[in-house]
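Here is a short briefing on one protein model. Look over the sequence and fold first, then read the points below.

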Amino acid sequence: MTYALSGALQAAVYDLLQSDPGLTAMIGDAVYDAVPGGSLPETYVLIGQEMAKDASDPEGAGADHRLTLSVITSAPGFSTAKGCAAVICDLLHGAQPALSRGHVVDMAFLKATARRIDGAGGRQIDLQFRARVADA
């Protein structure tokens, strides 16, 4: 088992989101791994929790990561959040972004949960992806 590729995986996902013209047209550079202080943009993406389990094989160390990305918006209705979620799904499902260490074997969409937040004034969609990484 290895968790050593977690930072490289997060950096690659962040870079992929930040460099996509479709997503940046919707949210600018509002991709965070921690909510910043001060005023927040109307819509942003938060890189959230991650779980990893061993996926090593005879060829080397590897791990199966479950990543959660959240689209959070104060825009009315779910339309804005769902538009951003769709772009993120298109970007990440099947993606094999270059890592600074190791490589992505496979990345796939697993599930999404959409809900109202902030007393029904905001919307949040949590997207879960599986990323299989290998340290070889």
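Where is the place of Asp-118? Asp-118 lies in the loop between β4 and β5.

This is a predicted model, in which local features need pLDDT of at least 70, side-chain atom pairs count only at pLDDT 80 or more, and totals for chains, interfaces and linings use all residues. Residues are numbered from 1 along each chain as its sequence is written, and side-chain values use heavy atoms, leaving out hydrogens and water.

**The sheet**
- Five strands make an open, mixed sheet in the order β1-β2-β3-β5-β4. Strands (E, at least two residues) and helices (H or I, at least four) are DSSP runs, numbered from the N terminus. Two strands pair if DSSP finds at least two bridges between them.
- β1 (31-32) and β4 (103-117) are at the edges, each with a single partner strand, so one side of each has no neighbour in the sheet.
- β4 and β5 (residues 122-134) run antiparallel, joined by 13 bridges.
- Arg-115 has Gln-124 in β5 as its bridge partner.

**The helices**
- Helix α1 (residues 6-18) packs on the sheet and touches β1, β2 (43-54), β3 (62-73), β4 and β5. Contact means heavy atoms within 4.5 Å.
- The direction of α1 makes about 40° with that of β3. Axes are lines fitted to C-alpha atoms, for helices over the stretch in contact, and angles run from 0 to 180 degrees between N-to-C directions.
- Helix α3 (residues 79-92) also packs on the sheet, touching β2, β3, β4 and β5. Its direction makes about 5° with that of β5.

**The β4-β5 loop**
- Asp-118 is not a glycine, yet has a positive phi of about 55°. Asp-118 is exposed, at 68% relative accessible area.
- Ala-120 is in the loop between β4 and β5 too. Its phi is positive, about 75°, although Ala-120 is not a glycine. Ala-120 is partly exposed at 45% relative accessibility.
- Buried means under 20% relative accessible area, exposed over 50%, and partly exposed in between (1.4 Å probe, protein chains only).
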